[in-house]
Amino acid sequence: MATSVFTGFKVQAQEQIQIDATAPTTPFPHFWEQMFGSGRAILSLRESYRDDLVAVKQVTDFRYVRFHAILHDEVGVYNEDEHGNPVYNFTYVNQIYDGLLKNGVKPVVEISFMPKKLAFNPDALHPFWYKQNVSPPKSMERWDDLMKAFAQNLVDRYGIDEVSTWYFEVWNEPNIDFWGGIPRQESYFDLYAHTARALKAVDPRLRVGGPATAAAAWIPDFLKYTAENHVPVDFVSSHGYDDEPVERLLGKDQPLRDKDVREEDRTCAAATKVRHQIDASAMPHLPLLWTEWNVPGQDQLRDTAYVGPALAEAVRTCDGVTDYLSFWTFSDVFEEGGPATKPFEGQFGLRAAGGINKPSFYDFALLHKLGTQRIANPSQDVIVTKLANGSLEIAVWNLPDPGKAPQPRQITLAIQGVKKNAQVSIAQVDDEHSNTLNSYAKLGSPRYPKPAQVEQMNRETALTPPEHRSLTNGSLSLELGKNALVLIEVRP
């Protein structure tokens, strides 16, 4: 057995992955780290939210963030005077977007939810902790005026050259209980048409899209409606999560069932379906923004090192399908079910409450180092990229087989087109490396970690300096630990 940084494991039979460094490359934009989701708009005014934003920006250099509820009453956008006339207030809106831009991040402006005094049904409250109103507007004319005033305020404040680089997404998951219009689809399409036309009336360069549906729904109907009614649409957006049933994501008429598509491949199977639907529509070149996704959430997996191989699998299979794959969320400053009760609750984010880096934070940091040119490879557990200087950046991972516990695994990379003894550096995240849950347990799993304890956990789990080795006759053997994501640099 070859010497490795990963020792002490009983491993399975060795597998070999062939890599040709001289093979043709294709563009590999970092679509998985350019956009992130977060909770709701008002949270972005908190110091903890902005601290997490800055930290994730440092390791991913992400460009866009999306959140719900910019029109929620807690933001104070819409009111009416004693005569029932609309009164607008964009004070908090401007503070929210000022804070994002100051930190080098642009918004995906999700147009939601309904201000109470503009709601057809003021009591149509969603069960989330912050009780957003999901009603249609009582007056489409007043909705149109609000949209125009909202967009005009943004253009006046930031300039059209800036705001035209944002995305305006109409509502959130209107095919489920986030939208109370009746009939649901028809009423949403009407809302979309009014919103898109109102925004374009302010400036045609504003980018608007939808339908922002859950589980990849409504896309053909949405594109048919917008085409037939000459409604502006600049991008398509939808959502899907790895742990949703196959039938829900791919349709009841599909021969596939849950056992046929493993969880880690479901998001990109759904995104591929939507991409084909766009290609078959009257607007085949529209960008696809997958504005929510995450790895399976059972057993609090999102707090563990499992995220690394599941994330890498999504990157591998979504390449060329989506323009953005927006991880929901970058932070556990998140209150759909109420305030966090302890740091690790299986929430969506890369950082736990208090600013604690999860293994997923380090997983994104590793994948950020991949190049922007990809070399095709038939292996299902590797992404091979090439840098401008000729170096290879290779991600390999150890994703557990469906229904089985994670096991160590031994692989050998056989690399052609480089020196037989080329220098190599190796960095990893797995159950033993950069796994914050281990440090948290050593501290006694405090419910409210002190700042010094948070600093200690982040210091102890920070990515260690890469191990430096060299190829042996063009080969590199590794023992991958449980839930390992490994980044290998091979210098020319």
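Mentor: Let us begin with a group of charged residues: Arg40, Arg46, Glu74 and Glu335 are linked in a network of salt bridges. A salt bridge here is a side-chain nitrogen of Lys or Arg within 4 Å of a carboxyl oxygen of Asp or Glu. The model is predicted, so local features need pLDDT of at least 70 and side-chain atom pairs count only at pLDDT 80 or more, while totals for chains, interfaces and linings use all residues. Residues are numbered from 1 along each chain as its sequence is written, and side-chain values use heavy atoms, with hydrogens and water left out.

Trainee: How many salt bridges does the structure hold?

Mentor: The structure holds 29. One of them joins Asp52 to Arg351, with the closest N and O atoms 2.7 Å apart. This pair links distant parts of the chain, since Asp52 is in helix H1 (residues 47-60) and Arg351 in strand E13 (residues 351-352), 299 residues apart. Helices (H or I, at least four residues) and strands (E, at least two) are DSSP runs, numbered from the N terminus.

Trainee: Is Asp52 buried or exposed?

Mentor: Buried means under 20% relative accessible area, exposed over 50%, and partly exposed in between, with a 1.4 Å probe and protein chains only. Asp52 has a relative accessible area of 3% and is therefore buried; Arg351, with 10%, is buried too.

Trainee: Which residue forms a salt bridge with Arg66, and where do the two lie?

Mentor: The partner of Arg66 is Glu169, and their closest N and O atoms are 2.5 Å apart. Arg66 lies in strand E4 (residues 64-68) and Glu169 in strand E8 (residues 167-170), so the pair ties together parts that are 103 residues apart in sequence. Arg66 is buried, at a relative accessible area of 0%, and Glu169 is likewise buried at 0%.

Trainee: What should I look for in a nonpolar core?

Mentor: In soluble globular proteins, nonpolar side chains tend to be buried together. A nonpolar core is a set of buried Ala, Val, Leu, Ile, Met, Phe, Trp, Tyr and Cys residues joined through side-chain atoms within 4.5 Å. The largest one here has 120 residues, and those with the most contacts inside it are Tyr97, Phe150 and Phe168. A second, separate core of 25 residues includes Val382, Leu392, Ile411 and Val490.

Trainee: Which residues does Phe168 touch?

Mentor: Contact means heavy atoms within 4.5 Å. Not counting residues up to four places away in sequence, Phe168 touches residues including Val109, Phe150, Leu199 and Phe235.
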